[in-house]
Amino acid sequence: MSSVKDWAVPNPVSENRSGIIGKSVDRYEGRLKVTGTAPYAYEVEPPSTPVYGQAVSATIARGRILGIDTSAALASPGVKLVWTSENVPKQAARGERANPRSQRASNPTMGSDAVEFYGQTIAFVAADTLENAKAAAALINVTYDAQPATVDFLASLDQAEMPPGEDDTEIGDFSTGYRESSVKLDETYFSPIANHTQMEPCATTAWWDGDKVTVHTSIQMVKGGQHALAETLAIPSDKVHLITRYIGGGFGGKGQSYDDLTLAALAARELNQPVKVAYTRQQMFQATIHRPAVQMRVRLGAEADGRLNAFSIEAITHCARNVPFTEHAANFSRSLYASPNRLTGHRLVRMDLPGAGPMRAPGEATGMLSLECAMDELAEKLGLDPIELRIRNEPTVDPETGKPFSVRQLVSCMREGAQRFGWERRNPLPGKVQDGRWLVGMGMAAGIRGNFLLPAKAGIRITADGTVTLSQGMTDIGTGTYTILAQITAETLGVPLDQVRVELGDSDMPPAPGSGGQFGAATAGSAAFETGMVMRRTLAEMATGDPNSPLFGVDPTLVTFANGNIALENRSESLSTLIERVQPEGVYVEGSISPAADARDWSQHTYGAQFAEVGVDVVTGEVRLRRMFGVFAAGRILNAKTAKSQITGGMIWGIGTALTETNPIDPRYGSFLNQDMAGYLVPSHADIVNVDSMFLDEVDDKANPLGIKGVGELGICGTGAAIANAIYNACGVRLRDYPMTPDKVLKGLIAKGL
Amino acid sequence: MKPFTYERPKDIASAIKAMRANPAAKFLAGGTNLLDLMKSEIEHPPHLVDIGRLPLAAIENTRDGGLRIGAMTTNTQVASDARVRSLYPVLAQAIVSGGSAQLRNKATTGGNLMQRTRCAYFYDTAKPCNKRLPGSGCAALGGLNRNSAIFGTSDACIATNPSDMAVALAALDARIETLTAEGATRSLAVADMHRLPGDTPEIETELKSGELITSVIIPPAPPGGQIYRKVRDRASYAGALVSVAAVGGRVAWGGVALKPWRAEKTEAALVAGIEIPEAVGAELATAEPRGANSFKITLIGRLTAAALGETLAGRRA
């Protein structure tokens, strides 16, 4: 196993001689996407005429199906089959794992007549057209024995339990420290359920060749999907060929597979014909995972100079009754601010809802909505600037583990942001700046998000025409993975970018863990780099060992790679010449990356500072963003354009979190109120005015050989709190209940006599 | 989606005839609402009569100094017409605050008036809704009704009308002109075109089966300022929580009833010389909140007072 020390030595990426690393390179697949020629899973053309499937969803939250009348659906035009729990083909029981190395267990559909959440698949129709399938699905008549269901989170807090295998984390003596603090804060914040709202729904096109199934599906993890389907169908995983070339948004919601995958594969086998299945927009809201609501109690105890003496976040959240998941809203705080006495922990309510699960920065995105408001409130109590308060609590080592930080530029982010944003123009007294009917205010928040490296492999092939092809069972969920992998490969091998091809999203390719948890670029990129280094050594041996090469006999460790050539001083030849002569069928190598043995000796994170200016309509309580600026430190940046796109995308989501996004559960049914994008309000273009960001120069040589870190999730961290703090600064209304809609703000304005 | 047939008549007479031949048919104009409803299994017309290309897309001056707006003008066309913008800025403002640019490019004046409620329970086919399935009940009544109506509701329906344009037209005393299935021309006020729910919320307008809106006629505007102001959860592509069209001392409200709501008590009080806040309060006294939507009373009151403060500025000083 390697050590992080091995990563500090100069390498082609850190030397960046061609300057490809960091450049604003256009998206590799951009032209295909904007011309509509990048086939997404549902659009893939199967080998013969497909059949279209439609899942039917339960309309109770908990109970049993007494009967399903499918006669009208079966008689409906074009219908090929109708399945319920009574006649669906046999699948492995839920949670079964015939192959202990499978990353995912069996996840059968319609396994019994039990209903565990509103939206659960209870029937399936396949027909010659999508329209006929949907029309027939609407004719299915279900009778239920509905049982009482727990669906109202705030009414069920008394059922909160310690999450399985967890415990509270206490350092020092929180209650004494808090009691003895001279300035105290004890407030509760609420973050509601949120939906991923990917543009592309979950979708699968499946067909069989003999005993092997090919599935094109929309999923963030190639191996996870392959293994889940293999376990569910009780077949070896090499009998599942899973392909996921383009993904129209995942955000954590497609970290797992859904019934579209299982049903398409089962129906294609049954009908001996390709089958396409996609979730409807309504099913995307109702039948996939969501970010759970979190109630967070924050207690801060400080001395008069602002130093924290006691600090606590206690978070209560929820998950599906039989699918444990904890939104760890307190975890981030364990590395953020210094304080000798600390208490953090989580409680979980099991509910009869669809699965709660990860969404962009799970834990951080919700948790920072509380603490980063609380710090703003504490700063006001202390008469300190909110940035100054944070600087006074900046730790020198990780405040809970005592480990050194790999690199920590949080204070620089705040200082740089303050200067560029014009923070000194903020009036610390709320409600003092007016622009017509708008009260104007500024707010800021810190951001932190962990960084990870997982094991991954990659393969590189160079053909005699000089084309370099990187192949990896990695996904690009719209973030720019194709592009950065092309850049890393080109820079590592010293070839022009247009000589590099990237092939992703195929279970036959060397495996990578996929996209999620902000680990994608670092993990897949490091594997691509290591594979490039294997290729360099292979080519160097090849050239120096070939009597016909101008490099014959030189020390292979001294050769360089640039401009598509392999060279030593004035001796050189092109890679294509070398390969055509020595190995005309092409050269293929594989390489891999693993976490360093000592990687956990450092506390390793990405950091940010978010600054927002909002206007609050003094008549209506409407909040409109006027400008927003974020400064981030996330290691070496591979592509200025795609990184900025991703980080500002996170900020934009945070704006939705602060102002609009929520999906209330109707307690009578256990269903979401909003089931389309006209009702579930993500920010529109008009909401996003003047949002900008920048990255600080940084290399984290403890992270991986490239010194890079993830930027996928950092952008949303702290954003909502910065906006909440700006609302307070604008009008003096302190809201702790997200999203901050006009009705809530108006109530506050009236209470203040405005 | 249920199978349906489709035709595109060449002229208005053929369109009327097509509807007479198939009373269950629906007119299709821009399709921005109807097609969504068909895909969601909420509307199931067996036949569509596409009127989108009928010669009803002109905006003409009327003799009295007003405008006649053809029913097939697009929302974008009307909102960007120089005469509309100078004579009826309230209408242009209302239209551009509705939908999105893409929707407004397709949506028509006639279709805008015929669009159906955005009540989430109306769209959720698994829930009772007397509009969608008469007699099934109203899920919004005991449900999540932050966005429901506060005027003119019934125990059968508390939905709101989603049109912004209609609110401005109501304040402008605009009228629609129609052609009935029998071929007769008639006219009625926009403010009277939509029905309150009563016991039959599924009957949404006074139009008879097969009746076609051909134009909207706007009389000259009264003196005073014109303002359309809409409160919504996000800056674009969101229905009104509440909205107000103030035209001099005339007031119409959106987002508070199943029709554009003329605040007649407020208007009468203003005519009687009563101060703006009290005048607004006169209409609000008749509001019937349903719990979560009670904030709308305060909100529309503040919004209207602010709007009237501007449209009546100078006149009342």
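Predicted model: local features only at pLDDT ≥ 70, side-chain atom pairs only at ≥ 80, totals over all residues.

Visitor: What about the charges of chain B?

Guide: Chain B carries 37 positive and 29 negative side chains, and the centres of those two sets lie 4 Å apart.

Visitor: What makes chain A as compact as a globular protein of its length?

Guide: First, its make-up: chain A has 18 helices and 29 strands. Its radius of gyration is 27 Å, and the globule rule gives 27 Å for 754 residues, so chain A is as compact as a globular protein of that length. Along the principal axes, its C-alpha atoms fill a box of roughly 85 × 75 × 50 Å.

Visitor: And how do you know that chain B is as compact as a globular protein of its length?

Guide: Chain B comes to 13 helices and 12 strands. The rule gives 20 Å for 317 residues and the radius of gyration of chain B is 19 Å, which is close, so the conclusion is that it is as compact as a globular protein of that length. Its C-alpha trace spans about 60 × 50 × 35 Å along the principal axes.

Visitor: Why is Ser339(A) called buried?

Guide: Its relative accessibility is 9% and the cut-off is under 20%, so Ser339(A) counts as buried. You'll find Ser339(A) in the loop between β14 (308-320) and β15 (341-351) of chain A. Leaving aside residues up to four places away in sequence, Ser339(A) touches Leu308(A), Asn309(A), Ala310(A) and Phe311(A). Met359(A) is 20 residues from Ser339(A) in sequence, and their C-alpha atoms are 29 Å apart in space.

Visitor: Then why is Arg600(A) called exposed?

Guide: Exposed means over 50%, and Arg600(A) has a relative accessible area of 70%, so it is exposed. Arg600(A) belongs to the loop between β24 (587-593) and β25 (605-617) of chain A. From Arg600(A) to Ala206(A) there are 394 residues in sequence and 42 Å in space, C-alpha to C-alpha.

Visitor: What makes you say that α14(A) is mostly covered?

Guide: Of the 25 residues in α14(A), 19 are buried. This helix (residues 520-544) reaches 36 Å from its first C-alpha to its last, close to the 36 Å expected at 1.5 Å a residue.

Visitor: Which residues of α18(A) are buried, and what covers them?

Guide: The buried ones are Pro742(A), Asp743(A), Val745(A), Leu746(A), Gly748(A) and Leu749(A). Their cover includes β25, β26 (623-633) and α17 of chain A, along with β9 (226-231) and α13 (295-311) of chain B. Just after α18(A), Gly753(A) takes a positive phi of about 80 degrees.

Visitor: What makes some backbone angles worth a second look?

Guide: Most residues other than glycine have a negative phi, and most peptide bonds are trans. Glu569(A) isn't a glycine, yet its phi is positive, near 50 degrees. It is found in the loop between β22 (565-568) and β23 (571-574), and with a relative accessible area of 75%, over the 50% cut-off, Glu569(A) is exposed. Asn690(A), also not a glycine, has a positive phi of about 55 degrees. Asn690(A) lies in the loop between β28 (671-672) and β29 (691-695).

Visitor: Where is there a cis peptide bond?

Guide: Between Tyr738(A) and Pro739(A), with omega about -10 degrees. Pro739(A) sits in the loop between α17 (719-731) and α18 (742-751) of chain A.

Conventions: Residues numbered from 1 in each chain as written. Chains lettered and ligands numbered in written order. Heavy atoms only, no water. Helix = DSSP H or I, 4+ residues; strand = E, 2+ residues; numbered from the N terminus. Rg over C-alpha atoms; globule rule 2.2 N^0.38 Å. Expected span 1.5 Å × (residues − 1). Buried < 20%, exposed > 50% of the residue type's maximum accessible area, 1.4 Å probe, protein only. Lys, Arg positive; Asp, Glu negative; His and termini not counted. Charge placed at Lys NZ, Arg CZ, Asp CG, Glu CD. Contact = heavy atoms within 4.5 Å.
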